[in-house]
Amino acid sequence: MKCIYCLKKIKNNRSDDHVFPDAWYPDSTPANVQRWTVPACRKCNAKLQVIEDELFIRWGICVEPNLEACRGIEAKALNRQFFLGVKDPRRFGRKLSTFNNVRSNMGQYDPKRTHKGFAPKEGVRGTLAVLTPNKTRRIFSEKLVRGTEYKLLGRFIPWTKRINIWYEMAEDTDKDYAFWRDIASRAKTVSLGPGFAVKCAINPNYPEQSFYQFEIWGHIKFFAFVHTKSFKRELLLFWSFIKWHIINLYKRFRF
Ligand SMILES: [Zn+2]
């Protein structure tokens, strides 16, 4: 048995991880909706839990409270933010650091860094926004992709594959995502209750390639594309990474 996240062998530290975190299911979820779990090692499970907790507060306190897709989420996130109902004192320290983390990331509304579902309503200006750090979001999205690939297609994503992810932000035009929306419109929809909408498709010409569309609480939407790494593309990515560092170093020493 392998851990689906780190791909290492699970010996006696097996734990079942919820693909979509258990707390993230809205109150409107019917009882017969199955809550996906996957085999994971305890180390990955604990690491991901910290990220999920932080994102839950960050996104949960900003959702539209009266939407069916996120009923009860805002209240739950606010309770967590202010430590209401904290029974286990060992978890308190972690919650305090989560709270500080979220608070330090509050900023002015930025259409490029705010998800489409969190954009302010028309006529509202100068809104404070909770911005999502790229790294946290990336780890969380990758986790959803790995879990869904395992649940729907029964396979792991090895290191020879790359996961590309696109998020719909407030400023994007419909044109930017026309290509991905077109694929999504033909993909199979998987029902996980009103909170989550998952679409999955396999490339008929290259069955090792898969495509996903995730929608969380009707607020956050992203597309994922899983494909085998190509040597040329990896080299180009590595070069752009190096270039970025050279430019940054140059800027730092020049000014
Ligand atoms: Zn693991």
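Which side chain meets that of lysine 143 in a salt bridge? I looked this up and found glutamate 52, with an N to O distance of 2.5 Å.

**Entry 1. Ground rules.** I worked from a predicted model, in which local features need pLDDT of at least 70, side-chain atom pairs count only at pLDDT 80 or more, and totals for chains, interfaces and linings use all residues. Residues are numbered from 1 along each chain as its sequence is written, and side-chain values use heavy atoms, with hydrogens and water left out.

**Entry 2. Salt bridges.** I took a salt bridge to be a side-chain nitrogen of Lys or Arg within 4 Å of a carboxyl oxygen of Asp or Glu. By this rule I record 12 salt bridges.

I returned to the pair of lysine 143 and glutamate 52, joined at 2.5 Å. The two link distant parts of the chain, 91 residues apart: lysine 143 belongs to helix H4 (residues 134-153) and glutamate 52 to helix H1 (residues 42-60). For such elements I used DSSP runs numbered from the N terminus, with helices (H or I) of at least four residues and strands (E) of at least two. Both lysine 143 and glutamate 52 are buried; buried means under 20% relative accessible area, exposed over 50%, and partly exposed in between, with a 1.4 Å probe and protein chains only.

I next looked at arginine 155, whose side chain forms a salt bridge with that of glutamate 149 (2.7 Å, N to O). I also noted that salt bridges with shared partners join Asp17, Glu52 and Lys143 into one network. Arginine 155 is partly exposed at 23% relative accessible area, whereas glutamate 149 is buried at 0%.

A further salt bridge connects the side chains of aspartate 16 and arginine 14, at 2.9 Å from N to O. Aspartate 16 is partly exposed, with a relative accessible area of 46%, and arginine 14 is partly exposed as well, at 40%.

**Entry 3. Helix H4.** I checked the length of this helix against its expected span, which is 1.5 Å times one less than its number of residues. The 20 residues of H4 should span 28 Å, and the end C-alpha atoms are 27 Å apart, which agrees. After H4 comes glycine 154, with a positive phi near 65°.

**Entry 4. The zinc site.** Which residues hold the zinc ion as protein donors? I found Cys3, Cys6, Cys41 and Cys44, each through SG, lying 2.3 Å from the zinc ion. Donors here are N, O and S atoms within 2.8 Å of the metal (3.2 Å for Na, K and Ca); water is not among the atoms, so sites may look incomplete. Along the chain the donors follow the spacing C-x2-C-x34-C-x2-C.

Cysteine 3 lies in the segment before strand E1 (14-18) and cysteine 41 in strand E2 (residues 37-41), so this pair ties together parts that are 38 residues apart in sequence. Cysteine 3 is buried at 0% relative accessible area, and cysteine 41 is buried at 8%.

I then examined the geometry: the four donor atoms make angles of 102 to 116°, and the site is tetrahedral. Four donors count as tetrahedral if all angles lie between 85 and 135 degrees. For reference, the ideal angle for four tetrahedral donors is 109.5 degrees.

Entry 5. Leucine 7 has a positive phi near 65°. Leucine 7 sits in the segment before E1 and is partly exposed at 24% relative accessibility. Tryptophan 217 also has a positive phi, near 55°. Tryptophan 217 occupies the loop between strand E8 (210-216) and strand E9 (220-228) and is buried at 0% relative accessibility.

**Entry 6. Serine 210.** I placed serine 210 in strand E8, where serine 210 is buried at 1% relative accessible area. From serine 210 to alanine 224 I noted 8.3 Å, C-alpha to C-alpha, at a separation of 14 residues in sequence.

**Entry 7. A nonpolar patch.** Which residues make the nonpolar surface patch of about 530 Å²? I recorded Phe238, Trp239, Phe241, Ile242 and Ile246. Patches consist of residues with over 30% relative accessible area and no salt bridge, with like charges joined within 9 Å and nonpolar side chains (Val, Leu, Ile, Met, Phe, Trp, Tyr) within 5 Å.

Terms used: Tetrahedral: all angles 85-135°; square planar, octahedral: opposite > 155°, others 65-115°. Areas by Shrake-Rupley, 256 points an atom, 1.4 Å probe, with all protein chains shown as cover.
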